[in-house]
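Q: Give me a close look at the strand pairing here, please. Start from the whole chain and then zoom in.

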Amino acid sequence: MEVSGLVWGLTIVLIVGLLAFDFIFHVRKAHIPTLREAAIWSSIYVGLALVFGVGVLVFGGSQMGSEYFAGYITEKALSVDNLFVFLIIMASFKVPRADQQKVLLFGIVFSLIARTAFIFVGVALINRFSALFYLFGLFLLFTAIKLLKPEGESEGDEANNFIIRTAKKLFHTTDEYDGDKLFTMHNGKRALTPMLLVMVAIGGTDILFALDSIPAIFGLTQNTFIVFTATAFSLMGLRQLYFLVDGLLDRLIYLSYGLAAILGFIGIKLVLHALHENNLPFINGGEHVDVFEVSTPLSLSVIVGVLAITVIASLMSDKGKVQNLVNGARRDASHYVDLSYTTDPAERHRLYVELQETESRLQKIDPKYADMYTEDEELKALIAQAHEAHGSFRSEPDRT
């Protein structure tokens, strides 16, 4: 179905309007979102994406509707995986909690721009070279295999290390934040602040993520409008989702396996589609190959099923629960001792209460997994440092 210019225009205005609204009413003034705020707005953005999908289903037909929902769910899952790397990057740069929203919104906007560019380049190439489906399919299979390997340096680490090393060589930088300013005066010179550097690092990882994301959705649909809208709405609300699931992401210990299965499935689907549309002379003499083609409803069912199994298995895993407690204790303790993270008394109190509750739960874990905590000397030292910092904090004047 051909989408009119008017529909394209209204859709773009809607997406830009949502981003502008997010910035003006939530991000412009630095603050730490409450769990309630993050939950409400995450639900609103997911609701808007679903309503839009229903609109596509009603006005575009069942095929377009199914493709939109399959694409949206796949891109959303990949976006959640991206949050892991965003969290690592912001932790490594020690971004103050109140300013993390601006970094995230920048990442979302930059990601949308980068992926839109990839989308239109991809469409142009596919229209000219149908054999590109072979490359997309093989690339996704390679990515799926890479996700199954033991964790090493992540894409985010690679981008972070390369980009930041280059920036520090070429420009005058400082390690101190100056609010949310991108530039400041340091030793009498204009310098780049960590806020600008972390945005550059986030932007770099966005480009790398787009290399996985765009071939994945092209494996589900080649409708440019569906590819664009499913990608855009999957990114909407990602900022709120970050604060909602911060600390729970570690529980999804099998997410990489689920994503590997989904990307592998889409990769095979792309290769089968390429064979069906084959025009390469060295494959079947340049003739189409009669192979099974995966339908959109089947794709949607597989994607939803794999994600459901992945999430349920992760949440039921005893080892995952312990790992979540250990990571939570490490995060709360490091945030508490790092005054650049937050000096807000209420937020520091919340962190310390969470740390105490996590410590109490760690004392009751299954002995089979106890070494994950008892043998982590670095974590125990960090927790001791947090208790010491809390004692000093309480002893300051006007503290109770």
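**From charges to strands**

A: Let's start with charge: the protein chain carries 32 positive and 41 negative side chains, with the centres of the two sets 4 Å apart. Lys and Arg count as positive, Asp and Glu as negative, while His and the chain ends are left out; each charge sits at NZ of Lys, CZ of Arg, CG of Asp or CD of Glu. Bear in mind that this is a predicted model, where local features need pLDDT of at least 70 and side-chain atom pairs pLDDT 80 or more, but totals for chains, interfaces and linings use all residues. Residues are numbered from 1 along each chain as its sequence is written, and side-chain values use heavy atoms, without hydrogens or water.

Of its 400 residues, 49% are buried, meaning under 20% relative accessible area. The C-alpha atoms fill a box of roughly 80 × 55 × 45 Å along the principal axes.

As for secondary structure, the protein chain has 15 helices and two strands; these are DSSP runs, H or I of at least four residues for helices and E of at least two for strands.

Now the zoom. Strand 1 (residues 183-186) runs antiparallel to strand 2 (residues 189-192), and four bridges join them; pairing takes at least two DSSP bridges. One named link sets Met185 against its bridge partner Arg190 in strand 2.

How values were computed: Buried < 20%, exposed > 50% of the residue type's maximum accessible area, 1.4 Å probe, protein only.
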